[in-house]
Each structure stands twice: as structure tokens, then as C-alpha cells.
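I'm jotting down what I look up as I go.

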Amino acid sequence: MKLLPQMQVEGGAEWLARTATQSLIDEARLSPKPGLVDSRGSGAHHDLTLALMERSARALTPTFHALAQQSWQRPADIALRQTIGRLGREGEQQMMAATNGVNTHRGAIWALGLLVSAVAMLGASGTARDITATAASLAGLPDDAAPKVFSKGLRASHRYRVPGAREEAQQAFPHVMRLALPQLRASRQRGGSEAHARLDALMAIMTSLSDTCVLSRAGMEGLETMQHGARAVLHAGGTASLAGQRALAALDRQMLALNASPGGAADLLAATLFLDRIDARSAPYLPN
């Protein structure tokens, strides 16, 4: 495959970096999200604020840019997997520097980093299904340089014997493709606001995700509360309906009481918003 001119590659990388960053910011600002940081406050977190989340997202823009540049029209192989692993770890260091050591977006670096790389691998020409399949092929490859330590998410995944962020990516992001994106678009078609459509997409993810952030904080009780509560919101008509809003408020109170925050679901919502934007535009970086 003939590479695009360098100017077009650079323009594509810049656009992907901006799109990924904006998806993180839009997720953070979306309100009201049960147990999560939003425009109302810090949710179940004592060390996070909306301003910190936005600063973290912007600090990751250079990482997304580098991932896109290095992945442009390259095949999924060990060399690329190791490159994006290294860039992701460097991005995590930049995030930690921007937040004074607070983990704001570690999971999002994994999910969005893979998706940014996958879009670039396809030369920005693929659909959401093409992109997630490409990301899955990349996620299934080993990275020998990855540190041999267990994150909180990995520990929860092993303790409760449930799939985590790694499996979600290796399976081509099923919670995004089968639940969140269809719900986002269905809610829009019903005439709901963009905020309500995005909240409904978050609820769709939360109905079945084994969110290791929730498991780490509140165990199986927290996970079951999240899943049952999210189903109740959607069964009540979604967040655009009065009954759905009441169910959402009830779920928020329950999550706060359990000190549970669905951070994994939030990462996948950001991934959903990213893929929705990619699907909606075709090679926007190309010069006129």
C-alpha cells in the first residue's frame, strides 16, 4: 500500500489526537454520571476533580499524536505492539506528572491508545467495526517490555474471575460495538438530547460490564448494584424520561453509598464517543 504524503499523515495524526482528547473531555463533563466525576462534583472520588480530569486528558494529546504517527498504515506485528506499549507507558508518566501522581486515565490510555493506533493503521479509512477488529489484533500480541506488575484492575479481574480491559480489547470492544454505539444512536433517533444519548450509552455499558474499578472498591455487591441500576434506567425509558431520571438518581445514591465508581465503563464511553466521531467523518484531515 502506497503511503500518503507526509503532510497528510501529520494532519491525520493531529486530528486523531484532538479527537481522542476531546472524547475524554466530553466523557468527563457529561452529567449526571453515577459515582463518577462530572460537572456536579467528584462522585465517589476524593482525589479527582473535573479540572484535573481535563488537565489529564490534554496532557495525553502528544501521546495520541505519537501513537497515530507510529501506527500509520503499518501492519499489526510485534514491533508495532511494542512501540505502542512503550508510547503508552510514556503517556502514563506524562499523565501522572500533570496530575501530581493521581491515576486519572490509565485505563483510557489502553483503550483509546489502541483505537487511535488502529485508525492510523487503516489510514483513517475504516468503519468502527474495522477499527475495533484491528485494535483486537494488536491487543492480542505480546509486549515483552510491559512491567510484570498487577494493577488494581488486574487483581480484581483475577480475584473475581471476570474479564477486564485487556479482554475487552482482545474481543474487539463488544460493550462498545454491541451495546454503547447502538444505544447512543437509538437514543438520538428517538429525539433525545446529545447528553441523554451519551448517558444512555453509558447505562448500556454498565448493564453487563464486569467493571474492575467497581469490583476493586465495592466487590460483587457494587457490581450487581451498578448492573441492576443501569438496567432499571433503560427499562424506565432512558435518561430523557422522568422515570429514567429518577432511576438514575437512585443509582447515583447507591453508588456513592458503596463508594463505587464505574471507571471502566467511563473509559469505554470515551472509546464510544471516539468511534462515533470517526464513523461520522471521512478522512477529515485531507487538504481541500
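This is a predicted model: local features need pLDDT of at least 70, side-chain atom pairs count only at pLDDT 80 or more; totals for chains, interfaces and linings use all residues.

How many salt bridges does the structure hold? I get 17 salt bridges, taking a salt bridge as a side-chain nitrogen of Lys or Arg within 4 Å of a carboxyl oxygen of Asp or Glu.

Residues are numbered from 1 along each chain as its sequence is written, and side-chain values use heavy atoms, with hydrogens and water left out.

**Entry: confidence.** I checked pLDDT, the predictor's confidence in each residue on a scale from 0 to 100. The mean for the protein is 91, and 91% of the residues reach 70 or more. I flagged residues 282-288, where pLDDT stays under 50. For that stretch the model has 13 contacts beyond four places in sequence, a contact being heavy atoms within 4.5 Å.

**Entry: overall build.** I counted 13 helices and 0 strands, using DSSP runs numbered from the N terminus (helices H or I, at least four residues; strands E, at least two). I then compared the radius of gyration, taken over C-alpha atoms, with the globule rule of 2.2 Å times the number of residues to the power 0.38. For 288 residues a compact globule would come out near 19 Å, and the protein's 18 Å agrees. The C-alpha atoms fill a box of roughly 55 × 45 × 30 Å along the principal axes. Among contacts between residues at least 6 apart in sequence, 73% join residues at least 24 apart.

**Entry: burial.** I used relative accessible area here: buried is under 20%, exposed is over 50%, and partly exposed is in between (1.4 Å probe, protein chains only). By that scale 53% of the 288 residues count as buried.

**Entry: a buried pair.** I looked at Glu 27 and Lys 33, whose side chains meet in a salt bridge at 3.8 Å, N to O. Buried or exposed, I wondered about Glu 27? Glu 27 is buried at 6% relative accessible area, and Lys 33 is buried too, at 0%.

**Entry: the Arg 185 bridge.** Arg 185 pairs with Asp 279, with the closest N and O atoms 3.2 Å apart. Arg 185 sits in helix α9 (residues 174-189) and Asp 279 in helix α13 (residues 263-280), so this pair ties together parts that are 94 residues apart in sequence. Arg 185 is partly exposed at 29%, and Asp 279 is partly exposed at 33%.

Entry: Arg 188 meets Glu 194 in a salt bridge at 2.8 Å, N to O. Arg 188 is partly exposed at 28%, as is Glu 194 at 31%.

Entry: Asp 267 has its place in helix α13. Not counting residues up to four places away in sequence, Asp 267 touches Gly 107 and Ala 108.
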